[in-house]
Amino acid sequence: MNNAPGQITLEEWDERYEQLRRAGLREPGYGGPLGRHVGDGDRRLLKLRYDNSVASLRLWNFLLTEEDRLHNARAEGKRIVGTMKDLGTVPVMAYSLDNVVAFYPDGAWWIPCVMELSAGLLETADSLGIDESFCPVRAMLGAFVTGAHFPIPDQLVCSVGATCDDFSAIAQRLNGLGYPILWWEIPHRRFPEVDEAAVRLPGGFCAPKRQVEFVKSELERVRTALERLAGQRLDDKKLSAGIQKANEVRRYLAELRQVTFTAKVCPLPALEMLIAEMLAIHFCSDRDETISVLKELIDEVKTRVQAGRGVLGDDTARIFWVNPVADLQVMNLLEDCGGRICGTEYLFSHALDTIPEELPPAEALARMALADPMVGSSVDRAERICADIRRFGSEAVLISRIPGASHCALEGEVIGEVVRSRLEVPVLEIEVPPVTDSIRPTLGTRLEALIETVKERRKK
Amino acid sequence: MKTIIYTCPYVPAEWIAAHGLRPSRIMPGAAGSTSSVGRTEGVCPYVRRFVNEVIMNTQASGVVVTTVCDQMRRAFDIIMRRCELPAFLMNVPSTWQSVAAHKLYLDELRRLGEFLVRLGGKSPSSRALAKVMLEYDTARTSVLATRGYLTSSQYSELIAEFNRDGKSGITTTINEKKPFTGGIPLAIIGGPLLREDFGIFDVVENSGGRIVLDAAETGERGMCAHFDRRRLRDEPLIELSNAYFGSIPDAFRRPNNQLYNWLKRELACREVRGIIFWRYIWCDIWHAELHRLKQWANLPVLDVDVSGDEQALTVRTTQRIHAFLEVLQ
Ligand code: SF4
Ligand code: SF4
């Protein structure tokens, strides 16, 4: 069996799986050949290229079995809370309770891609008046109405205020269809006024103390609702323990990002890195397992780095990627064109920062929620991107626009301007729909042009 | 007197005026609509026009932008980068049912006050604020009293004029002694109108209808509630906050049932027989309400999606309004 790091197709993975199994592969309960997920309708899997490590096999299986986990949790009597438009705050609270599972309905964003539009979710959203002028998260509406992709949560919690219009509008539509929602307000993060008490947030931004106090009071409302749902108290002790666990996930992810993005040869492909980062949002419905999955990935990556081995050549262009892609295949495409990911801002950098453990837990969470790059100005977000570009040594920035997304209309211009003026690195903006098959040649040409520019600049 | 411009109905003119500055709720027009925002696809045309209007404005001393929608919130970043005009971004919470949300709005008013003082305004005493509020309230009441006695376009233009110029420039003359009757009663519901869109009222009238409810953001819906006289005397700032944040119904609020409660009452008492739904392309906030409104209202709804690229109403929109009214005859 060839154990050199590399990328393989789904078919190749299934052959490899058999070999590994015969060689004594040990897997968690959700393990198995990746190919079986195609039977669930996840047809895009057939067109992706995967990392060939056992650690990545576990990562993919973990991701693709979330629905089963949620059904099992319900069967065990656990309560399910849908944390909407919330990238990493309420899930930390929910997992501090032993009988609550948090789940991220917005993740339906990727269903049209993974099922290659065969699930009919976008059509359902269309029929409810939410057409393609909205971001692909509209698939979530279809998923709720059809009830076919996840169990309907016992409680829905949604942040509003300084969020995108797409999600706010769609969540309101959902509410109008009879799904009760607990709304909590996240205000636009602003600079403290002169003489106003200020607080430093995880990740480096600053906010007025009174904004932190406000968010804290909003999170207290959420805490009360969770307690009611769970039928038990969520005291500070439990919350602090939950924060410590969440930080464990975040530290592993930070290490994984640092090692992978700065390695001379790319040790883990962009696609697996994207999925690993997503685990930070709500732990894919199992926090402890998330930790184990990440540990194994880090071990694999470190082993590869120490051996000087990787999945791509050593002259690939180091790209910083902004916004997640609606079509996962584009991550493969970047690598086909000669690029690798060295730095990301997938809308939730704050969910990768550790939550302060020395503060009262509700205050720590409030600070973390306000550190969300999307709740402040695009200039703030661009500054954070610049800091990470320096840290990871990225050579170009790719802003991947999300079709219909309210923030993408204006932020790309600002981010591009700030990055160019601060760092003089090339910036390219592309738009990635849920299935890119028809525009693949054009996308490829644009990515190649960016990568050529990077390589030309190296010669100077 | 220094002028402070804004477009959001949740910015209280009284608060600016009480600081000794001139509030002007502007209504953007077509002029210079191509320059300031690089991209057009995905950008709400109203936001685009507002940004251009602010950048090209040479009279104003400051601009207030609010967070009622993501695009406006982000438009603030563009304004800050493209022009020198002092700008203030006011957090207007989407939630409204909690005390904390009201308190946040009130805090933001105080912060706005500090901004106005930095621009040369003077922090008002409660008494001074109450006096200004009373003047505005009286003027607003007289504007509202003209409803039915003016053509629908005159009435809505009067509201726009009141918003733009405050109490001073207002004419409350009722041209006709007898109220207007006739025409199929329609409502216009949705986002704000652009300056050149007032023609829609005449188009409706020429087609045999009459707008009896202007529930566009620039119409009656975007006006604050009448002030309670006792509270105005005792705690004017809190009353101001209640009348604006507590009362103006809008699609962006979460939940937004307040909007539907308001519409239910107004549509019924004005015996509305059809709705013109006014929305800008790329405006998710209003677009998402269209389907719900159609199911909820039990009235015919004409969806007018405005691209904002035209100088005025398109021939297509005019023809659709004709056809809509023909069906309602
Ligand atoms: S518009 Fe952006 S932030 Fe909002 S749901 Fe879509 S991708 Fe997420
Ligand atoms: S029309 Fe819609 S997108 Fe445009 S400013 Fe108003 S709420 Fe925002």
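The model is predicted, and a search of the whole structure finds 17 aromatic pairs over all chains, of which some are visited below.

Begin by selecting B:Tyr46 and B:Tyr280, which form a tilted aromatic pair with 5.7 Å from centre to centre and 45° between the planes. If you colour by secondary structure, you will find B:Tyr46 in helix α2 (residues 45-56) of chain B and B:Tyr280 in strand β7 (residues 274-280) of chain B, so the pair ties together parts that are 234 residues apart in sequence.

Next, select B:Phe198 and B:Phe201, an aromatic pair that is stacked, with 5.9 Å centre to centre and 20° between the planes. B:Phe198 is buried, with a relative accessible area of 9%, and B:Phe201 is also buried, with a value of 0%.

Staying in chain B, show B:Arg253 together with B:Phe245, where the charged end of the arginine sits over the phenylalanine ring, 4.5 Å from its centre.

Now move to chain A and select A:Phe103, A:Phe144, A:Phe150 and A:Tyr179, which ring pairs link into a cluster.

For the last stop, select A:Arg189 and A:Phe205, and turn the view until you look at the ring of A:Phe205 from the side: A:Arg189 lies over the face of this ring, at 3.9 Å from the ring centre.

Definitions and conventions:
Residues numbered from 1 in each chain as written. Chains lettered and ligands numbered in written order. Predicted model: local features only at pLDDT ≥ 70, side-chain atom pairs only at ≥ 80, totals over all residues. Heavy atoms only, no water. Phe/Tyr/Trp six-rings, centres within 6.5 Å; stacked < 30°, edge-to-face > 60°. Helix = DSSP H or I, 4+ residues; strand = E, 2+ residues; numbered from the N terminus. Buried < 20%, exposed > 50% of the residue type's maximum accessible area, 1.4 Å probe, protein only. Lys NZ or Arg CZ within 6 Å of the ring centre and 35° of its normal.
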